[in-house]
Amino acid sequence: MSVCLCRRPGAYCNSSLRCGVSVAPPHAFYAMNIVPAKTFDIPEIMDIERTSFIPQIQERQKTFEERLSAFPQGFLLLQDASDQTVLKNGKAVTAGYFCSEILQALPAGDNFFELGHSALKNHHSDGIVLYVSSFALYPEYRGQKLAQPFFKECLKNLCSAFPQIKTVLLLVNEEWTGARHIYRKLRFTEIRTIKAFFPSLHKDTADGIVMSAPAALFSEQAL
Ligand SMILES: CC(C)(COP(=O)(O)OP(=O)(O)OC[C@H]1O[C@@H](n2cnc3c(N)ncnc32)[C@H](O)[C@@H]1OP(=O)(O)O)[C@@H](O)C(=O)NCCC(=O)NCCS
């Protein structure tokens, strides 16, 4: 799967997909594709993890390897394949990642959300809840309105490919205002708060907010 995220008419899309849709700066500097993650992408994924989360909540490499092995279709990368980037680096560069797993039901307790929980134990491809276990962009790719379309495309792809999924679930830190803004815009609603779930740089602890949205919002027909 590879999707060009260019949306706007006017200029020229330099994506390798040549989607034919034109774009205006700053978006014109990027040709973004969504591609499945592979084992050799793990070092870049770990680098994004380290630049996105404070050390106490960074997942270990083993956890990402487990996620990839449990549900490879649910582990997607936002890739910058613009001519400029490929010329500079000799290859396309990973700009962000999205990982997920499918659960049989909504988790009964809060322990489910603990750091390092095992995707291999929890993922069931015939389940009805898509759990987004993490999502982040490299800091240099933030603030360019790439994150929301990336997140939405990942959900569209997965909710269409696994039509038995009824609900999309995630946990967000109350302090991650950028992520919360995106989830609210995509019509996720808060279902419960887990008090003092996260360590915080600004106060003793921060609450975790469990959010969900009907999968029907993201399927091929809905978007
Ligand atoms: C969450 C994250 C992916 C968002 O990326 P981004 O590049 O800032 O997002 P976009 O540029 O696509 O912006 C999307 C919207 O969020 C808004 N936004 C961005 N940062 C914000 C902030 N700190 N507070 C409030 N809104 C914010 C933008 O204004 C934009 O709003 P609009 O579409 O209504 O104009 C990125 O900040 C990140 O990687 N953060 C660290 C990891 C993380 O928090 N992951 C979430 C795990 S649950």
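Among contacts in the protein chain (C-beta atoms, placed from the backbone, within 7 Å) between residues at least 6 apart in sequence, 65% join residues at least 24 apart. The model is predicted: local features need pLDDT of at least 70, side-chain atom pairs count only at pLDDT 80 or more, and totals for chains, interfaces and linings use all residues. Residues are numbered from 1 along each chain as its sequence is written. The protein chain has 223 residues, of which 33% are buried, that is, with 20 or more other C-beta atoms within 10 Å of their own. Its secondary structure consists of 6 helices and 7 strands, taken as DSSP runs (H or I of at least four residues for helices, E of at least two for strands) numbered from the N terminus. Along the sequence the pattern is β-α-α-β-α-β-α-β-α-β-α-β-β.

Helix α2 spans residues 61–70, and its buried residues are Phe64, Glu66, Arg67, Leu68 and Ala70. These buried residues pack against α1 (42–52), β2 (75–80), β3 (93–103), α4 (119–122) and β4 (129–137). The axes of α1 and α2 come within 10 Å and cross at roughly 125°, the axes being lines fitted to C-alpha atoms over the stretch in contact, with angles from 0 to 180 degrees between N-to-C directions. Helix α1 is therefore oblique to α2; angles under 35 degrees count as roughly parallel, over 145 as roughly antiparallel, 65 to 115 as roughly perpendicular and the rest as oblique. Ile42, Ile45 and Met46 of α1 meet Gln61, Phe64 and Glu65 of α2 in this contact. By class, the contact has 4 nonpolar, 1 polar and 1 charged residues (nonpolar: Ala, Val, Leu, Ile, Met, Phe, Trp, Tyr, Cys and Pro; charged: Asp, Glu, Lys and Arg; polar: the others, Gly among them).

The ligand has 20 residues around it, of which Arg142, Ala147, Thr177, Gly178 and Ala179 come nearest; a residue is near a molecule if its C-beta atom, placed from the backbone, lies within 6 Å of it. At least two residues of this shell come from each of β4, α5 (147–161), β5 (167–173) and α6 (177–185). Helix α6 gives the most, with 6 residues. The shell divides into 10 nonpolar, 7 polar and 3 charged residues.

Lys145 lies in the loop between β4 and α5, and its phi is near 60°, a positive value in a residue other than glycine. Lys145 is exposed, with 12 other C-beta atoms within 10 Å, where exposed denotes 12 or fewer. Arg187, in the loop between α6 and β6 (189–199), also has a positive phi, near 70°. Arg187 is exposed, with 10 other C-beta atoms within 10 Å.

Terms used:
Two residues are in contact if their C-beta atoms, placed from the backbone, lie within 7 Å.
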